[in-house]
Amino acid sequence: MSLRLRLVATLGMTLMLLWGITAAWSMRDLSNQLEHAMDQRLAQSARMVANLLDRAPAAAWNGEEGGVTSTIPALENVACRVSSLRGKMVAGTHPEMNDVLAIDAEGYSYRNHAGQRWRVYTLVDDDKRITVADRLRERESLLAQVRRAAFYPFLLALIGSLIALWWGVTRGLSPLSKLQRQLNSRDHDDLSALPVRRLPGEIRPLIDGFNTLLARTRRMLELEQRFTDDAAHELRTPLTAIRTHLQIARRVEGNPHREAMRQAEAGVRRLTQTLDQLLLLARMESEEITRGSLDPTPLEEALETAMTETGSRDRCRYNERVSRIHIALSGSLLVITLRNLLGNAVRHGLPGAPIEIEAQESNGMAVINIINQGETIQPEQLARLTERFQRGNHPQGSGLGLSIVDAIVTRAGGRVTFTSGNGIGLRVSLQLPSS
Amino acid sequence: MRVLLVEDDAPVAAGVETGLALSDFVVDTVTTLVAARGALATIDYEAVVLDRRLPDGDGLTLLQEWRRSGVATPVLMLTARDAVASRIEGLQGGADDYLVKPFDLDELTARLQALLRRAAGQVDSSLRHGNLALDPVARSVTLDGVPVALGRRELMLLEALIRARGRILSADQLKDCLYSIDDEIESNALNVQIYQLRRKLGRNVIETVRGIGYRLGAPSGDTPS
């Protein structure tokens, strides 16, 4: 249900209900007032007749015994009867209603005659009794006329306020309608920010939030696009080498054939490595490595394995403090982390120079520094080291190693920082929860 | 035919170089945009195979630069990006053809040959000169319909002369067509090949223009096509 419809329906129904109650109330009041006024008029006419009769010559009453009855020409809706206190009728408008109008007690009452209902008032004067009556139908038709006269302005006002309500709501919601039109006319791929100028204060935060979300989505998409491009390049390049060299191998013989096959195999190895790293990274980014839920790994053990796997045992220097530290991270992940870092140090560090490993523990965090000598890396390159497929000036390697290290350490609740300069090619500082 | 290959990935470059050499292309490989710019300015290549993603930038920017400065050399672009948009971008940037990695070596060769043929304004895939016909794809030569066995370099030399369509080519230009920068050239190698061609196809097939160079002799035989 649209906001506009809901607003109009709620307000409209409330309005109609209030107007209806007001109208019913006024009508009831009006009927009562009218009835009262008519009754008073009835009583006044009875009193007027009484006064008239008082002024009439007394001789007129003398004929009482004579049985003379004056009949006044009848008015259709009003009846009048004058009688003596003993009940003898002296004058009257409707002889046929004689019985109906013969009432002894003073005051108001209702009477039925020939299917019509009458309002009757009886006044007892000194020596006579005057009864006047109103046909009720007459009163009702009067009331209906009054009601009709009041109904049309009321209806007009009601329709007018509903229209005003619709217009007001539409106008009030026009920023929303404009926004809706803007959104509808946008391309599905359009991630540009929505304009916030001239937006009412209530919607502004909503659109601001929406724009922030759009910007984030845009950045994510850009990153994903770059990753896809990079991945395509990293996977297709070795594949190209493999295919080309296999096609050459088919056509040549002897040494060139062997060389081509060797090149193809090197390509397969490279592709395998890149794929393994990519899969590892994907697993790392989807799996939850919860801190503390794993058996702690002795740092020395993991370091030994990593050194063996990278063939860097001869070049690594570390103190015995390493043997006292246990890291709250599964053994295989810690080995992967160290292996990547040592592998980098071997590949990019000054050839033959020692690789230093420092370790210390404080406040439940272990700090492991892996330092290799070499050329200084520029700050802007340092900042991009953990980006996927970022290889710097080194064509070897997949460019994923440090992304993997970063993913593992971050997931484990730790931190990686890189520094370079003063003869140090790269100092990788790992902060990991210890146990 | 001398081709410039701009590709930074060493295994791929080695493969393409060897593969094209099998079809008698003479390939020089460079790995950066800067080197490519220098190479094209120095040597008159007949075609360029250009990778897009290079260490010092996008190959497309170099291509656009070449096209703006009037370089008309046919360029075949290589890329790992297979999105249609990026292919269109490449072709609109001035590429004559576009191949997505991993490509087939035969397809690369065929496309390069098609590029050269189009650049020469030639419709038929074989090159003709009088009663002499050279098939650049099959690497064969016929004289009056009879196959003639030619050495690899002899065939390359003949192809260069036929493609020159009677223009005079200097000894250096001919050597450029036969050898890459890395090849060791013996001083009299060109003379030996010219001698061999004359011996196999007749004395008049190559005409020596004294002091300038060589050109194809007047077509012999009565069947020009």
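Two residues are in contact if their C-beta atoms, placed from the backbone, lie within 7 Å. This is a predicted model, in which local features need pLDDT of at least 70, side-chain atom pairs count only at pLDDT 80 or more, and totals for chains, interfaces and linings use all residues. Residues are numbered from 1 along each chain as its sequence is written, and chains are lettered from A and ligands numbered from 1 in the order in which they are written.

In chain A, 61% of the contacts between residues at least 6 apart in sequence join residues at least 24 apart. Of the 435 residues in chain A, 22% are buried (20 or more other C-beta atoms within 10 Å of the residue's own). Chain A has 11 helices and 13 strands, taken as DSSP runs numbered from the N terminus (helices H or I, at least four residues; strands E, at least two).

| Helix | Residues |
|---|---|
| H8 of chain A | residues 299-310 |
| H9 of chain A | residues 331-348 |

The two helices pack at an angle of about 45 degrees, with their axes 8 Å apart; axes are lines fitted to C-alpha atoms over the stretch in contact, and angles run from 0 to 180 degrees between N-to-C directions.

Chain B contributes 16 residues to its contact with chain A, and chain A contributes 17 residues. On the chain B side, helix H1 (residues 10-22) supplies the largest share, eight residues.

Methods: Buried ≥ 20, exposed ≤ 12 C-beta atoms within 10 Å, placed from the backbone.
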